[in-house]
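Okay, thanks everyone, let's get going.

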Amino acid sequence: MTATTIAAELHQLGQQVLVLQGGGALGAYQVGVYQALHEHGIEPDWVIGTSIGAINAAIIAGSPPAERMDRLRAFWKRVEHGQIFDRMLPAAFAGPWRNLATIAQGLPSFFMPNPMAFLSPHMLLGAEKAGYYSVNPLRQTLSDLVDFSIINDGPMRLTVGATRVATSEMVYFDSRDMALELDHVMASGALPPAFPAVRIAGELYWDGGILSNTPVEVVFDDNPRRNSMVYAVHIWNPHGPEPQSIWDVMNRQKDVQYSSRASTHIKRQRQLHQLRHIITELAALVPEDRRNSADVAHLAAYGCSTRMHVIRLLAPTLANEDHSKDIDFSAAGISARWEAGYADTMHTLESAPWREPVDPLEGFVLHEAMGGHKITTPAAG
């Protein structure tokens, strides 16, 4: 099966949507996923992201197609860190020292310490500077790599999620509805207390991952809904063994927190889409003379015949992984996650799970994979 054949099949299923979680250094896995899609000629019609996912998404949407991979490589090369420890120390010792250096010194082209913040947590720094680190280096990096005129005038739709500080609401900034700027992407990644809030139109915003680190609900709630092939990239694993130590607990706690109740959301969305299909089927059984009445038409409007195929790619656990994995911007860590994302996506595309039989009443079809291997998920009920 050729890449051209796969791309043609997928485009027949509807718009191509790429959804990217937040998770710091774990976002390298997302680049591997995009690379595999790119090599198959599958360019997203819509890319959605939170935090590091918003950064990757903005680079993809804000670059000419031929330059997307080059700019992604440039970003991840700029934030790469800790080579000196990898050269001097065994792997078991290099990681902790590298992470300590990141905490103390920041990351090149990403963030740097805000000295005043370390004097006292009660220091009045101002709403837009109240963070342990300044992200001015990231602002410059994204200014170099993202062309917002392409985002706002180009064919690819970009959506980034952020948390409105004053009201605890999840807000999605969408290029379909408004002109996006660098501040929208910066807000999506403003994770407190490390990074300060970003003010947009008078309102303060934090990282969208605080409320929804898996922003796939934007696709399911879109108006109007469209047939879609959704690639939902999960870099925090919802599945994991029972922790046996405090160290294990800290690692598993992060996975649980930032996987954002993904399984619950998926079950609920499958139920909702099945009900929409059932409403459509029932409306078709109403006699024609009643079907066109205002009351029946109003009720029938709650139905929907669109179908969404969701390929959920779950990043694997790497050797020696711990709770600090999201700040592991080492060359080896970035490479391992990038390669895993690429291999998993290539395997999934070649296995073509979308060809499996589908219940006509199912509006939400889940194809779930971890490490390239399919996972069976219970049907909606």
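So, which helix gives the most to the lining of the largest pocket? It's α6, with five residues. Before I go on, keep in mind that this is a predicted model.

Let's stay with that pocket. Its space comes to about 880 Å³. There are 40 residues lining it, and the closest to the centre are L191, A194, F195, D326 and I327. As for helices, α3 (52–61), α6 (91–105), α9 (182–188) and α11 (246–258) each put at least two residues into the lining.

Searching the whole structure turns up two cavities of 30 Å³ or more. The largest cavity holds about 70 Å³. Who lines it? The lining of the largest cavity is made of L26, I235, W236, N237, D255, A315, P316, T317, E321, K325 and R337. By class, that cavity lining has five nonpolar, two polar and four charged residues.

R337 is a handy link to the packing part, as this cavity-lining residue also turns up in α15 where that helix meets α2. The axes of α2 and α15, which covers residues 331–351, come within 6 Å and cross at roughly 40°. That makes the pair oblique, and the crossing is right-handed. On the α2 side, the contact residues are A28, Y29, V31, G32, V33, Q35, A36, L37 and E39. They meet a set in α15 including I334, W338, G341, T345 and L349. In this contact you get 12 nonpolar, four polar and three charged residues.

And α2, residues 28–39, has another partner: helix α4, residues 68–78. Here the axes come within 11 Å and the crossing angle is roughly 165°, so α2 and α4 run roughly antiparallel. What's the handedness of that crossing, left or right? For α2 and α4, it's left-handed. Residues A28, V31, Y34, Q35 and H38 from α2 meet R68, M69, L72, R73 and W76 from α4. That contact comes out as six nonpolar, two polar and two charged residues.

Definitions and conventions
Residues numbered from 1 in each chain as written. Predicted model: local features only at pLDDT ≥ 70, side-chain atom pairs only at ≥ 80, totals over all residues. Heavy atoms only, no water. Axes fitted to C-alpha atoms, helices over the stretch in contact; angles between N-to-C directions. Helix = DSSP H or I, 4+ residues; strand = E, 2+ residues; numbered from the N terminus. Parallel < 35°, antiparallel > 145°, perpendicular 65-115°, else oblique. Left-handed = near helix turned anticlockwise from the far one by under 90°. Contact = heavy atoms within 4.5 Å. Nonpolar A, V, L, I, M, F, W, Y, C, P; charged D, E, K, R; others polar. 1 Å grid on protein atoms, 1.4 Å probe; cavity = no way out; pocket = protein on both sides within 12 Å on 5 of 7 lines; lining within 4 Å. Points joined across faces, edges and corners; volume = space filled by probe spheres on them.
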